[in-house]
Amino acid sequence: MRVGRSGVAFVGLALILLWVVLALAAPWLPLPSPTAQDYAAFAHPGPSAQHWLGVDPLGRDTLARLVWGARVVLLLAPLSVLAAYAVGCTLGLLAGYYGGWTDALISRASDVILSFPVVVLYVILIANIGPSAFNIVIAVVLAAAPGVGRIVRGLARRLAAQDFIAAARLRRESGLYIMVVEILPNCRGPLLTDVCIRLGYTTIMIGTLGFLGLGLPPPSPDWGGMVQQAGPMLTVYPAMALIPAGAIISLVLGFNLLADGLSEAP
Amino acid sequence: MTALLAIRDLRVEYASARRPVLALPGFSLDLAPGESFGLVGESGCGKSTLLLAILRHLGPGGRITGGAIVFEGQDLLTADAAALRRVRGGRIALVPQEPASALNPSMTIGRQLMEVPMQHQRVGRAEARERAEQALADVRLPDPRGAMARFAHQLSGGQQQRVAIAMALLARPALLLLDEPTSGLDVTVAAAVLDLLTALSETYRTAMIAISHDLAVVARLCARIGVMQAGEMVEEALAATLFAAPRHVYTQALLAAMPRLGGAAPRTEAPPGETLLDVAGLSKSYTVGGGRVRALEDFALRARRGAMVAIVGESGCGKSSFARVLAGLQAADTGAMRFAGRDLAGRTLAARSPREVAAIQMVFQNPETTLNPAHTVGQPILRALRKLAAPAPLPLAARLAALLEMVRLPAAIGRALPRQLSGGQKQRIAIARACAGAPDLLIADEAVSALDASVQATVVDLLRHIQRARGTTILFISHDLALVQAIADEVVVMYGGRVMQSGPAARLLAPPQHPYTAALLAAVPPPPGAPRAAIRLRGEPSDPRHPPAGCRFAPRCPRHLGKLCDDTPPPVQVTADGGRIACHIPLPELALG
């Protein structure tokens, strides 16, 4: 489809697919366990024949942790964005189609959430409900759904004024049918771009939470956590932190390039 | 006399995904100084391309691949950028189709107008200001000085069009290009703009090329007319000759499709049947921008079963508000609306029974928004069959095919997407969708206004066929009085939310008439040679938030009586042949015309 004609989107998709393939193949790759500690490698944490990208401060293989960490990010990010979309689309459609008090209630509640700085919101939430995969999803939904809802509301409002919606009402379609079958499919274009951007943001967010120690509990491999754990070694062996940071960057860049490509194509 | 403009074998192509599309295969035209030439054709025939090619402004994708355009002895195709800049806006000026999008929304009218003489005649600010004001006075804009300080959005559509004309004329061009000069305007406003253009071209001896889909408009403006079809000029003649003896089949078809006053097609005289719809005292108002707009006030209408009833009026007269109230999309404030014996006035769709909803269906104005772009065109018809139609032994697919056949479309089109259909085909789908539940009353809200003349005629034919074959009552809403009086049985003329005149369609053409009806009739461009009507309305419809206390039409009425009209709502007078006229002038006096 559109991706084929845009060079930018193609590069983005290639970056994402690279991580997806690595993540899927992780159990079959000839890599040490991501939690196995190699005390012998402590002395020289840099790249070696056994550890191509070196080890972390606990002697765990960096490449193995990156690949297994990709599984975590690539599962959590899409899952939480999907959940945020389910909630955001529902709220946006209700507000946009019904207007009036429904709209006022949903929009003001969204404004309250959107007025918090996102990072602060995540930290408050996770610090209160505890770090776990499920709680990360909850936090992302709460932080991202109002933004999604706002986009959908705008689109729905414009579409609801069109004649084909009046025509649907004239054949006694229910509000649910009109929102889901008549309005939602027409929001696809703008939302597709937003999904990619949001996947990028969520990847950064999961990394940030890991870095702040609010990510997945150890010893799960977590890219943000890897950057944080490498902190004390920064002056001695900076690559230990830069490699997982580069992994985060490459995946976010992939999502953003794909979004750029999708929005530039006609 | 040497030609002002000579176009020889002009060839224009547009780049497209597969192969270039030939928009103009070889166009030739000679225009003498001061001559006016009208080009008529349907959308996509290449007439706009011609105007843009003359200005060398085809935009990305468009390419001139052959021929010559010689203007005042200079070949525009070989001219450099500096020479083109002198010609554009200086020697050749364009009045664009949509003045609203041609005027800069962030600059005052005055500043935009002053740019023209400052750029092309190199005059100073004071001189430019004087000329701009004079130009606004020339196009008869009320209060030219005040208008200079205003922004485009503060003017009405007709005023914006006048400003665009003033801007085009400021540089005293030798050639004026008019792109659909009246298509967005109300009929009475359009008539005044056409008068103005005719007068200005006589005063300044400016040559004109006017293009339009409406033969009557170009005939009103131009002595010579060319008929264009698929990029080729298939006929070229003097206007009078063209109307009297069209040679080409396509011209004949265009003329036949043109509704003419008095040229009523044979109609089934007074279809029998009881009263299906009886509306009385209906009112509806909206809150708009802090004010109350009374869209409908004391509205009354009666329709017999099987008849075609038309509502005529200009934009904002309340005709669409009535359509939406009748269909149940909105609720009326007060009044009665008895349909088949039951009052529907206070009840919107949710409060109506399934049968009541199916009984009143609607075809909308804009073919571009009437179908959901995400679904096949068959989908809404199938849904309507499922939700509205009575159970039938036939499978849904067969009933869909039958409906498509009724609107004269192939059954396979049901699987197409809206963007693959033409405007006329989309309106046919909309009609099939509205007819799926076998309605008693079909509302056609300006359903043919956006279509080309020939397509318009076939869709109107289709509606009349449905009226006759199925006995469906049709409420035909339009701004086009010529069309309406030719096809409707009864006509209601509206102005400012109120009924001015109603009665049998034939009744409309002869006095006694409401002064507004007379003005609407006079605004219909007559065929060339016919005497030009003298009535022209002053100004434009008044602000709907502050309507006059008396007759709504009083501020623009050419037969205004004075304080009585301003302060007292007019009485409804009943004529001998069943017409109703709301006017203070007694019937015998109205009959004098």
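Which residue in β9(B) is the bridge partner of F37(B)? In β9(B), that partner is R224(B). Please keep in mind throughout that this is a predicted model.

**Around strand β3 of chain B**

β3(B) pairs in the parallel sense with strand β9 (residues 224-229) of chain B over four bridges. β3(B) also pairs in the parallel sense with strand β8 (residues 207-212) of chain B, here over five bridges. In β8(B), I209(B) is the residue that stands opposite F37(B). As a reminder, strands of a sheet pair through backbone hydrogen bonds, either parallel or antiparallel.

Why is β3(B) described as largely enclosed by the rest of the structure? Five of the five residues of this strand (residues 36-40) are buried, so the rest of the structure largely encloses it. Both faces are covered: S36(B), G38(B) and V40(B) are buried on one side, and F37(B) and L39(B) are buried on the other.

**The open sheet of chain B**

Chain B also has an open sheet of four strands, in the order β2-β1-β4-β5, with antiparallel pairing. Its edge strands are β2 (21-31) and β5 (74-75), each of which pairs on one side only. Seven bridges join β2(B) to strand β1 (residues 5-14) of chain B, and the two run antiparallel. V12(B) has L24(B) in β2(B) as its bridge partner. Helix α1 (residues 47-54) of chain B packs on this sheet and touches β1, β2 and β4 (62-71) of chain B. The direction of α1(B) makes about 65° with that of β2(B).

**Two domains in chain B**

Stepping back, chain B is divided into domain 1 (5-257) and domain 2 (276-591). Their C-alpha centres lie 33 Å apart. The contact takes 25 residues from domain 1 of chain B and 18 residues from domain 2 of chain B. On the domain 1 side, the elements that give two or more residues are α8 (187-204), α9 (215-221), α10 (239-244) and α11 (249-257) of chain B. The largest share of that side, eight residues, comes from α8(B).

Chain A has eleven helices and zero strands. Its C-alpha atoms fill a box of roughly 75 × 45 × 30 Å along the principal axes. Of its 266 residues, 43% count as buried. Among the contacts in chain A with a separation of 6 or more, 72% come from residues 24 or more positions apart.

Between the chains, 21 residues of chain B are in contact with 13 residues of chain A. The elements of chain B that give two or more residues to its side are α13 (354-359), β16 (360-363) and α14 (378-388). The largest share, five residues, comes from α14(B).

The table sets out the residue classes for two of the contact sides described above.

**Confidence**

Chain B averages a pLDDT of 88, and 96% of the residues score at least 70. Within chain B, confidence is highest in β16(B), at a mean of 96, and lowest in helix α3 (residues 99-102), at 80. For the complex, the predictor gives an ipTM of 0.83 and a pTM of 0.84.

How values were computed:
Residues numbered from 1 in each chain as written. Chains lettered and ligands numbered in written order. Predicted model: local features only at pLDDT ≥ 70, side-chain atom pairs only at ≥ 80, totals over all residues. Domains from an automatic or database assignment. Contact = placed C-beta atoms within 7 Å. Pairing = 2+ DSSP bridges. Axes fitted to C-alpha atoms, helices over the stretch in contact; angles between N-to-C directions. Buried ≥ 20, exposed ≤ 12 C-beta atoms within 10 Å, placed from the backbone. pLDDT = per-residue confidence, 0-100.
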